[in-house]
Amino acid sequence: MLNIVLFGPPGAGKGTQSENLIKHYNLSHLSTGDIFRANIKGGTELGLLAKSYMDKGELVPDEITIKMLESEFDKIKDSKGFIFDGFPRTEAQADALDKFLESKGTSITKMLALEVDDEELMKRLLERGKSSGRSDDQNPEIIRNRINEYNSKTAPLKNYYSKQHKFTSIDGVGTIEEIFEDLKRALN
Ligand code: AMP
């Protein structure tokens, strides 16, 4: 199985590059942000709970996020591998993912980190907010909070995967095609 953690701050291009990688390597996509948004749209209890954190640009608590990810993983049968997009975002989530995958007889192959500086992220997210319909992309204060959450809680995971010799840094500034070439090169 090819299991990739596609990592990076909000606005780094994880969604776009996930689509490319899925098509190229025939993988299954697990995006915790997308799953939360589907739950919000569906008016579920989980959606309501997640929304209260997402609206502030804060991370949804680990216990809720981990349980949801595991249950979505179990729904997908006979996969060649997974792209974890926007998960893990904390060390507790990374630990839980390692243990969960081990229980399934597999593991993370590589963590690919898209690197984009904070100023560029702010610009991209405000631009995306004009068409994405996402309220968390429209308010500079919420965006700033999401970037801060990333820098304080999520960025340390580079070290976590580095220790496992799985971390690769990818320049997230360039054309979509250039970045995709770098991602493929890192996987070959
Ligand atoms: P994203 O679509 O990945 O930018 O996620 C949007 C929002 O969903 C984040 O700002 C968080 O509030 C929440 N979220 C998504 N994934 C996670 C996660 N792994 N852990 C905690 N919160 C998450």
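Q: How far does a polar side-chain atom of arginine 89 lie from a nitrogen atom of the ligand?
A: Heads-up: this is a predicted model, where local features need pLDDT of at least 70 and side-chain atom pairs pLDDT 80 or more, while totals for chains, interfaces and linings use all residues. Residues are numbered from 1 along each chain as its sequence is written, and side-chain values use heavy atoms, with hydrogens and water left out. A polar contact here is a pair of N or O atoms within 3.5 Å. For arginine 89, the distance to that ligand nitrogen is 2.9 Å.

Q: Which residues come nearest to the ligand?
A: Being near takes a heavy atom within 4 Å. There are 15 residues around the ligand. Those that come nearest are Thr32, Arg37, Glu58, Gly86 and Arg89.

Q: Are α4 and α5 parallel or antiparallel to each other?
A: Helices are DSSP runs of H or I with at least four residues, numbered from the N terminus. Axes are lines fitted to C-alpha atoms over the stretch in contact, with angles from 0 to 180 degrees between N-to-C directions. α4 (residues 62-75) and α5 (residues 91-103) pack at about 30°, axes 10 Å apart. Angles under 35 degrees count as roughly parallel, over 145 as roughly antiparallel, 65 to 115 as roughly perpendicular and the rest as oblique, so α4 and α5 are roughly parallel.

Q: What makes α2 oblique to α3?
A: α2 covers residues 32-41 and α3 residues 45-54, and their axes are 7 Å apart. α2 is oblique to α3 because of the packing angle, which is about 120°.

Q: Which residues in α3 does α2 meet?
A: Contact means heavy atoms within 4.5 Å. From α2 come Gly33, Phe36, Arg37, Asn39 and Ile40. Across from them in α3 are Leu46, Gly47, Ala50, Lys51 and Met54.

Q: How many nonpolar residues does the contact of α1 with α9 have?
A: Thr16, Gln17, Asn20, Leu21, His24 and Tyr25 in α1 meet Ile176, Ile179, Phe180, Leu183, Lys184 and Leu187 in α9. Ala, Val, Leu, Ile, Met, Phe, Trp, Tyr, Cys and Pro count as nonpolar, Asp, Glu, Lys and Arg as charged, and the others, Gly among them, as polar. Besides four polar and one charged, the nonpolar count is seven.

Key. Helix = DSSP H or I, 4+ residues; strand = E, 2+ residues; numbered from the N terminus. Polar contact = N/O pair within 3.5 Å; in protein donor to acceptor, adjacent residues only side chain to side chain.
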